[in-house]
Amino acid sequence: MLARTYKIETDRLIIRCFEPRDARLVKISIDESLKHLIPWMAWAKNEPESIEQKIERLRKYRGQFDLGQDYNFGIFSKDEKHLVGATGLHTRLGENAREIGYWINVNYLRQGYATEAVQALIKVGFEVELLDRIEIRCDPKNIPSQSIPKKLGFLHEGTLKNRTPDTICALRDVIIWSMTKEDYVGKGIADFKLKAYNIINDQII
């Protein structure tokens with residue numbers, strides 16, 4: 001299913017489809033956050049990348065987005081001069097289900113930005129993209145990451161043992177948190193204020 005939502009505006013953030021022009025902001029944000037990211041993000045083992053590699057990666061993300069293959073979003077400051085982090089409605093769970101992933105730049109930690117971005121994707125996921133299920137998966141040792149699905153009312157479904165490789169290729173456990181369309185109703189997230197826009201920048205919510 002092709003995504004309807006290309007950009008989301010919240011009180012403090014612009015959450016939108018990545019563009020190749022974002023390469024410099026992405027490189028700066030990842031490079032200065034690398035020490036913070038390496039324990040949790042397996043992809044961080046390939047960093048730092050050159051600006052040319054970043055351009056190619058963002059071209060790939062944009063192509064996947066347009067083709068309905070996967071949906072990576074940048075989390076930007078309201079003026080779009082800084083990359084606060086990244087998130088996504090990832091398609092690896094199958095039809096009408098998405099997995100939300102996220103990371104936040106080291107300079108924006110503990111300020112509620114990840115929670116704000118995840119709330120926005122949950123609302124858009126169920127109300128605009130018409131999903132049936134959303135999951136968040138994280139390392140049991142990543143306490144800050146766990147706090148977000150707990151806070152937002154996700155169900156802890158269980159822990160998969162020795163399931164995914166970390167940055168040194170050792171297998172680690174993964175906690176699965178889920179929210180269904182039925183769970184979403186009455187959680188209060190529906191009241192979260194945002195604006196969402198389609199590919200031609202028409203407001204759709």
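What percentage of the contacts in the protein chain with a separation of 6 or more comes from residues 24 or more positions apart? Such pairs account for 63% of these contacts, where contact means heavy atoms within 4.5 Å. The model is predicted: local features need pLDDT of at least 70, side-chain atom pairs count only at pLDDT 80 or more, and totals for chains, interfaces and linings use all residues. Residues are numbered from 1 along each chain as its sequence is written, and side-chain values use heavy atoms, with hydrogens and water left out.

The protein chain contains 5 helices and 9 strands, taken as DSSP runs numbered from the N terminus (helices: H or I, at least four residues; strands: E, at least two). Along the sequence their order is β-β-α-α-β-β-β-α-β-α-β-β-α-β. The radius of gyration, taken over C-alpha atoms, is 16 Å, close to the 17 Å from the globule rule for 205 residues, so the protein chain is as compact as a globular protein of that length. The globule rule is 2.2 Å times the number of residues to the power 0.38. The C-alpha atoms fill a box of roughly 40 × 40 × 30 Å along the principal axes. Of the 205 residues, 50% count as buried, that is, under 20% relative accessible area with a 1.4 Å probe and protein chains only.

The largest nonpolar core comprises 42 residues; a nonpolar core is a set of buried Ala, Val, Leu, Ile, Met, Phe, Trp, Tyr and Cys residues joined through side-chain atoms within 4.5 Å. Ile100, Ile104, Val118, Ile122 and Phe154 have the most contacts inside this core. At least two of its residues come from each of β2 (13-17), β3 (72-77), β4 (83-90), β5 (97-104), α3 (113-127), β6 (133-138), α4 (143-152) and β8 (171-180). The most, 9 residues, are given by α3. Neighbours within four places in sequence aside, Ile104 is in contact with His36, Ile75, Val84, Gly85, Leu109, Tyr113 and Ala114. A second, separate core has 15 residues, including Leu34, Met41, Tyr61 and Ala86.

Ala3 is buried, with a relative accessible area of 16%. Apart from neighbours within four places in sequence, Ala3 is in contact with Phe65, Tyr71 and Glu129. Ala3 and Ile199 are 196 residues apart in sequence, yet 9.0 Å apart in space, C-alpha to C-alpha.
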